[in-house]
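This report describes selected features of one protein chain.

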Amino acid sequence: MHASYLGILFTVFCYNSCSCFNSFVLRNLDSSLLVFFPCVTGGCGACVVLLSKYDPVLDQVEDSTVSSCLTLLCSLNGCSITTAEGVGNSKDGFHPIQERFVGFHASQCGFCTPGMCVSLYSALVNANKTNRPKPCPGFSKLTVTEAEKAIAGNLCRCTGYRPIADACKSFSSDVDMEDLGYNSFWKKGESDEVKMSRLPAYNHNHASSKFPEFLKKEIKAGANLGSKLYHWYSPTSIEQLQSLLLKNEAEDGTSMKIVVGNTGTGYYKEQEHYDKYIDLKHIPELSIIVQDQTGIEIGAAVTISKAIEALKQNKMGDFPLDSKTVFKKISDHMEKIASGFVRNSASVGGNLMMAQRKQFPSDIATILLPVEAIVNIMIGQKLEKLTLEEFLGRPPLDSKAILLSIKIPSWESTKDISSETDTKLLFETYRAAPRPLGNALPYLNAAFLAEVSFSRNSTGATLNNCRLAFGAYAAKHPIRARTVEKFLIGKVLSVSVLYEAIKLLGTTIIPEDGICSPAYKSSLAVGFLYEFLSPLVRTPDEIPGDQFNGYNSALLHVDYNNELKENCDELNGTKISTLLSSSKQIIQSSKEYHPVGQPVTKAGAAIQASGEAVFVDDIPAPSNCLYGAFIYSTEPLARVKSVSFKSGSPPVGVTAVISAKDIPGKNLGCISLFGDEPLYADELVQCAGDRIALVVADTQRHADLAANLALIDYDKENLNPPILSVEEAVKRGSFLEIPPFLDPEQVGDFSKGMVEADHQILSAEV
């Protein structure tokens, strides 16, 4: 790739690269720009590539998957990239991964398949680096669980995952061949040996990344890159970083962005243009992990994946058992953040800074809050040490503030040999999200730390201390439920105490107005606290039934027995993983409609797996092509008085703004059975998201930016309030008229039948 085609601002998008791998050594950047238009979301995994970095100190290559749509090009300096075509292609031959994807019918539309293959390839490469026993021929060192986890972040909307998981598990050394589903390799009833012989051959000795030898000599930490318009800085010390920040402050009119993995743009879409980028990855103080008897300190630029690895390491002989439990549960929760290929780039510090500055619903902030994590920050030339709670509670920090590191303290329960009580430290984290394995932001998360003592002379568990943290429920940042903590500390847990704590929690965790499902989020908080404390509750006292507002008090009873302390151990144990799936597939075939029902491989599946299949968006746009982006209404019912831009004049690259008044004929978007729908709202927008105008620009990026910069002047005078619920629609008589031919013919007397029915419907709600 010629250096003159590389621009600093733009992400590398190697989804359909024709080379087996691309090596990046950036020099003498020209001001000409090569622009790619990926989704910049990092949510689906379709554009995953294998990023290989050489560590000259350890003399080893680190391999990890990254989402290319989020990866800034200059961050790849000195790296090697393996795309789906680098794994295997039609010219050089397909890899067994791609061949097994074809044979297990694991590709339908094929859009997600290249990312799936690269994710599995990365898992095979890294498994081969382990000291596990040599696998049998045709298999790898990968386990079945690891094979399923390899694709946990890759989204597929066609296959239902069964055939994809089968293709991945076929490489596992511990796979049950009977567990693999319908495929084109073997016939029903054949032995495992025959089945294995029919699979495309795989040699685990060939599972290694393709890092070129010449590139190892080019490795240079902290290389700065620049052009006439843009600059990329890679400081190698705190002093260099401070100097760059001071220099930028002195230069008016320049904008700067501090980056590590750039994954935050997947959530916060950039509206701003940057002249300078400062990459923090090469500063040792921000990239180290230090373990001592006081705890674990993690540099702010350390990726979430490396933090998970450090917290799970078995080299913690100096730490007490309680600390090991805390560290492991933190790492287990971190594995549910985003997806593996995002965690490989995203930094721990970047996640916390988004929580501090932009109220990001951070899991890391919540789970580190009850363990009293300490953060080290630098503001200008000043260094400060704060508790995480103080850090989050400050006003949003500006770009001059740099998070340096996070310290997770070591924990151990208080033990008194002469005392008549046993003491245990309990720690647990909770998360409710659309997807349980991650790759989705939480509705609500929580983390609880408690020291519990058990008297040897009487029954009951006493809470000596507790820290209850809740986050992601539309508050500004995670908080400690201090009123509930104060109520619980020192009390012997009983049903009545738990009930009062839950009532008190309901007045503490109150989602802000205007958010979706506030009652659901409040109920989640109650459920998490109940799940944490209920195993510790002793046999309840007699409680009046009316105290539970009609609910059966037995629902809250958790019988105390001699195994109460064992319940404690279970709380600190490992939760059952939602992976691994297992099933048997039995398909009855018939020759009556032969070859219908036969496992025939799909034509074109191989080039889908290699990324060579051409989709519409892969076709180059014609020269002088214009691009469009809609301007949508943000109000549900209002008159549009005018549309303008924040800058006063159309942004750069904008050619035209087209609205209803520019249509020469009828303003018609579509015709349906329920009436005509206009293409653009004429004077009155009917809903939030109604189309108002179309911005036309020379690039898609310019069109999107301009649409986001649009200012719409609304007028709601003399308009009825919008209808926002079914109840309001019924109350105001707003009904959809069903065309007569769709109205079903009435059979019998429905009203009479309902009146005479044995069971009456008192109320119902959809």
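Which handedness does the crossing of helix 10 and helix 11 have? The crossing of these two helices is left-handed. The model examined here is a predicted one.

## Helix 10 and helix 11

Helix 10 (residues 304-312) packs with helix 11 (residues 321-334) at an angle of about 150 degrees, and the axes lie 8 Å apart. Since angles over 145 degrees count as roughly antiparallel, helix 10 and helix 11 are therefore roughly antiparallel to each other.

On the side of helix 10, the contact is made by Ile304, Ala307, Ile308, Leu311 and Lys312. Helix 11 contributes Phe327, Lys328, Ile330, Ser331, Asp332 and Met334. By class, the contact of helix 10 with helix 11 comprises 7 nonpolar, 1 polar and 3 charged residues.

## The chain as a whole

The chain contains 23 helices and 25 strands. Of its 766 residues, 46% count as buried. Among contacts in the chain with a separation of 6 or more, 71% are accounted for by residues 24 or more positions apart.

## Helix 2 and its surroundings

Helix 2 is largely enclosed by the rest of the structure, because 7 of its 8 residues are buried. The buried residues are Pro96, Ile97, Gln98, Arg100, Phe101, Val102 and Gly103. They pack against helix 1 (84-87), helix 3, helix 5 (162-169), helix 6 (192-198) and helix 20 (605-609). Just after helix 2, His105 adopts a positive phi of about 60 degrees.

Helix 2 (residues 96-103) and helix 3 (residues 113-127) meet at an angle of about 130 degrees, with their axes 10 Å apart. The two helices are therefore oblique to each other, and their crossing is right-handed. The contact involves Ile97, Gln98 and Phe101 of helix 2, together with Thr113, Met116, Cys117, Leu120, Tyr121 and Leu124 of helix 3. By class, this contact of helix 2 with helix 3 has 7 nonpolar, 2 polar and no charged residues.

Strands of a sheet pair through backbone hydrogen bonds, either parallel or antiparallel. Here, 3 strands form an open sheet in the order 18-24-20, with antiparallel pairing. Strand 18 (627-632) and strand 20 (654-659) stand at the edges; each has a single partner strand, so one side of each is left without a neighbour in the sheet. On average, and with direction ignored, neighbouring strands of this sheet are turned by 25 degrees against each other.

Strand 20 pairs with strand 24 (residues 691-697) in the antiparallel sense over 5 bridges. Within this part of the sheet, Val657 has Val695 of strand 24 as its bridge partner. Helix 21 lies across strand 18, strand 20 and strand 24, and runs at about 15 degrees to strand 18.

Leu709 is located in the loop between helix 21 (700-708) and strand 25 (710-715). Is Leu709 buried or partly exposed? Its relative accessibility is 25%, so Leu709 counts as partly exposed.

Leaving aside neighbours within four places in sequence, Leu709 is in contact with Ser644, Phe645, Lys646 and Pro651. Leu709 and Ser647 are 62 residues apart in sequence, while their C-alpha atoms are 8.2 Å apart in space.

## The hairpin of strands 11 and 12

Strand 11 (residues 374-379) and strand 12 (residues 382-387) pair in the antiparallel sense over 6 bridges. The bridge partner of Ile379 is Lys382, in strand 12. This hairpin has 2 residues between the strands, and Gly380 takes a positive phi near 65 degrees.

## Gln356 in helix 13

Gln356 belongs to helix 13 (residues 348-358). Residues count as buried under 20% relative accessible area; Gln356, at 4%, is therefore buried. Apart from neighbours within four places in sequence, the contacts of Gln356 are Phe391, Leu392, Arg394, Pro395, Pro396 and Leu397.

Definitions and conventions
Residues are numbered from 1 along each chain as its sequence is written. This is a predicted model: local features need pLDDT of at least 70, side-chain atom pairs count only at pLDDT 80 or more; totals for chains, interfaces and linings use all residues. Side-chain values use heavy atoms; hydrogens and water are left out. Helices (H or I, at least four residues) and strands (E, at least two) are DSSP runs, numbered from the N terminus. Buried means under 20% relative accessible area, exposed over 50%, partly exposed in between (1.4 Å probe, protein chains only). Contact means heavy atoms within 4.5 Å. Axes are lines fitted to C-alpha atoms, for helices over the stretch in contact, and angles run from 0 to 180 degrees between N-to-C directions. Angles under 35 degrees count as roughly parallel, over 145 as roughly antiparallel, 65 to 115 as roughly perpendicular and the rest as oblique. A crossing is left-handed if the near helix is turned anticlockwise from the far one by less than a right angle, and right-handed if clockwise. Ala, Val, Leu, Ile, Met, Phe, Trp, Tyr, Cys and Pro count as nonpolar, Asp, Glu, Lys and Arg as charged, and the others, Gly among them, as polar. Two strands pair if DSSP finds at least two bridges between them.
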